Amino acid sequence: MLILKQILVIFFISLTFLSCKSGDYRSSKSILALKNNYLKGTTMAYFDKIDDTTFVNLKDLSTDFFYDMKYATTDNFLKNKVYDCAKCYLRFKTIKKLIEANTAFRKNGYSIKIFDCYRPLDIQKKMWKLVPNADYVADPKRGSVHNRGGAVDITLVDLSGKELDMGTKFDFFGIEASHNFQNLSDEVKKNRTLLKETMLQYNFKIFESEWWHYNLTDGQQDKIANFKWDCN
């Protein structure tokens, strides 16, 4: 009987030791995943422990979005592929509100399609060189909310992925892309209004000259960033 008790004591001590070791490992892994204030290759279990200003890959939190990351292709006004790969990083607080908005859209048969998310400052400088007009491109000396991880360029699609008509293409540099432009069909007005009113409801605000651009309301308060995400 005494021998059995000793065996049980040793067994429970071993379990406690292994549990502590396992907990330490997870904590270390979470800390090591945080590089340049963004998470890489982590799991959902860590997201309730991170700061709102940490950069996170949207696909790690939701699979309910459509993507056409224009600057990871040559299909953009730069006519150059300026991102090495198509990933949507944003501050965690931006992602949470974006998911809330997309949930509302999906209940009505629509979904957000993403064109651009966080944008490194070096990319902003390239854009300013090509289009030095603050109505359409933020001056890199001041920085863009894209550079701060608080802005998204988006449109709406139905749940099969077909885009709603918004009157112009993404990155159309003309008055027709403005929220105030009224010489549009009723369908386009309806689609723009749906996008705008829902995004405003979830703590985003418009950029007047671009129907596709939305900033988190406090996105301007975060620091400008210039890291490039890992494509592996």
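You're looking at a predicted model, where local features need pLDDT of at least 70, side-chain atom pairs count only at pLDDT 80 or more, and totals for chains, interfaces and linings use all residues. Numbering runs from 1 along each chain as its sequence is written, and side-chain values use heavy atoms, with hydrogens and water left out.

Stay on Gln124 and show helix H3, residues 121-130, where Gln124 sits (helices are DSSP runs of H or I, at least four residues, and strands are runs of E, at least two, numbered from the N terminus). Is Gln124 buried or exposed? Buried, with a relative accessible area of 0% (buried means under 20%, exposed over 50%, partly exposed in between, with a 1.4 Å probe and protein chains only).

Next, pick Ile114. Setting aside neighbours within four places in sequence, its contacts (heavy atoms within 4.5 Å) include Phe65, Leu98 and Ile154.

Ile114 is also among the residues with the most contacts inside the largest nonpolar core, which has 48 residues (such a core is a set of buried Ala, Val, Leu, Ile, Met, Phe, Trp, Tyr and Cys residues joined through side-chain atoms within 4.5 Å). Now colour helix H2 (92-107): H2 gives this core its largest share, 6 residues.

Finally, zoom out: the protein chain has 4 helices and 9 strands.
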